Amino acid sequence: MAAFSSRSTTLIALAVVLAVLGGAVEAQLSPNFYATSCPNLPTIVRQGMAAAVQREPRMAASILRLFFHDCFVNGCDGSLLLDGTNSEKAAGPNANSARGFEVIDAIKTQVEASCRATVSCADILALATRDGVNLVGGPTWSVPLGRRDSRAAFQSLANANLPGPGSSLATLIRMFGNQGLNARDMTALSGAHTIGRSQCRFFRSRIYTETNINGTFATQRQQTCPRSGGDTNLAPLDVTTADAFDNAYYTNLLQQRGLFHSDQELFNGGSQDALVRTYSTNPAQFNADFAAAMIKMGNIMPAAGTITEVRLNCRTPN
């Protein structure tokens, strides 16, 4: 009996190790995951983001974009943060545009000094995103924690899973739906474009060829985004309040001042028109829906079989 018990215990332990390494056990995320193991985590992340946003208000949007682009590619596993030839950083949607990695690195260094080998890079990114949004006037929310970091990047998935600025409404609904997010979630999360900047190459076609665009707005954008050249010239996603998280993104859409084709698709005679109108007049509803959708997106887990760990350096596997 004792031998059987010992053998059973060994097998169970081995099964647990393999399951955790393979990502077959889906972690139960909780806002209190680090309450005992790293109680200073929220303060460290908040202070790091406050310093980063004070230096450059745009950084709140940059970190938010990192989180979105991480979660849509094999779940919120920190895989976007990895360096390497097959990195997600080198994928089309991220190459020469994803930014803010050094901010996450700096926060990770502080977290490691306080609680070594405890907090995942994926969780740091989730907290930093929430704090960045809040620091520039947006809502706050309780961030479920307990994510683990992937040991690999998924460049091909990054090229396939991330909707581009030329996406149609149907494409947006489908691609968000592939991640378990519904059309309302998509329209609320698109409100992230109330902050940040875009390079000319991503909106040139809209300002020169599309007709559902405010003429004055198009002319204004053309001044810094020529028909050829100037691909990396920047323009605010929200022409009204570029660095404040508010509902002006939606009022801009009502006036046909969406910077991307995909932005204006939300208000172009389609299924999301009514919700855009609601958000344009009810900022509290937008904030509530945005926060709820961010939690929902943050709960996207890596695929079964993904090998995970708590990375010591966000740019490289242990």
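These legends accompany close-up views of a predicted model. Residues are numbered from 1 along each chain as its sequence is written, and side-chain values use heavy atoms, with hydrogens and water left out. As this is a predicted model, local features need pLDDT of at least 70 and side-chain atom pairs count only at pLDDT 80 or more, while totals for chains, interfaces and linings use all residues.

View 1. Let us start with His69, which the unreviewed UniProt entry annotates as "active site"; UniProt positions follow the numbering used here, feature names are shortened, and annotations may be inferred rather than shown by experiment. Histidine 69 sits in helix 3 (residues 59–71), where helices are DSSP runs of H or I with at least four residues, strands are E runs of at least two, and both are numbered from the N terminus. Its relative accessibility is 7%, so histidine 69 counts as buried (buried is under 20% relative accessible area, exposed over 50%, partly exposed in between, with a 1.4 Å probe and protein chains only). Leaving aside residues up to four places away in sequence, histidine 69 touches Leu80, Glu88, Pro93, Asn94 and Leu162 (contact means heavy atoms within 4.5 Å).

View 2. In helix 2 (residues 41–55), the buried residues are Leu41, Ile44, Val45, Met49, Ala52 and Val53. They lie on the same side of helix 2, because they cover an arc of only 155 degrees around the axis (the arc is that of the directions from the helix axis to the C-beta atoms). These buried residues pack against helix 3, helix 4 (101–114) and helix 5 (121–135). Exposed Gln47 and Gln54 are found on the face turned away from the buried side of helix 2.

**View 3. Cysteine 38 with cysteine 115.** The structure holds four disulfides, each a pair of cysteine sulfur atoms within 2.5 Å. One of them joins cysteine 38 to cysteine 115, at 1.9 Å from S to S. Cysteine 38 is in the loop between helix 1 (2–22) and helix 2, and cysteine 115 in the loop between helix 4 and helix 5, so the pair ties together parts 77 residues apart in sequence.

**View 4. Cysteine 121 with cysteine 314.** Here the sulfur atoms of the disulfide are 2.1 Å apart, and the link is left-handed, with -100 degrees about the S-S bond. Cysteine 121 belongs to helix 5 and cysteine 314 to the segment after strand 4 (308–309), so this pair ties together parts 193 residues apart in sequence.
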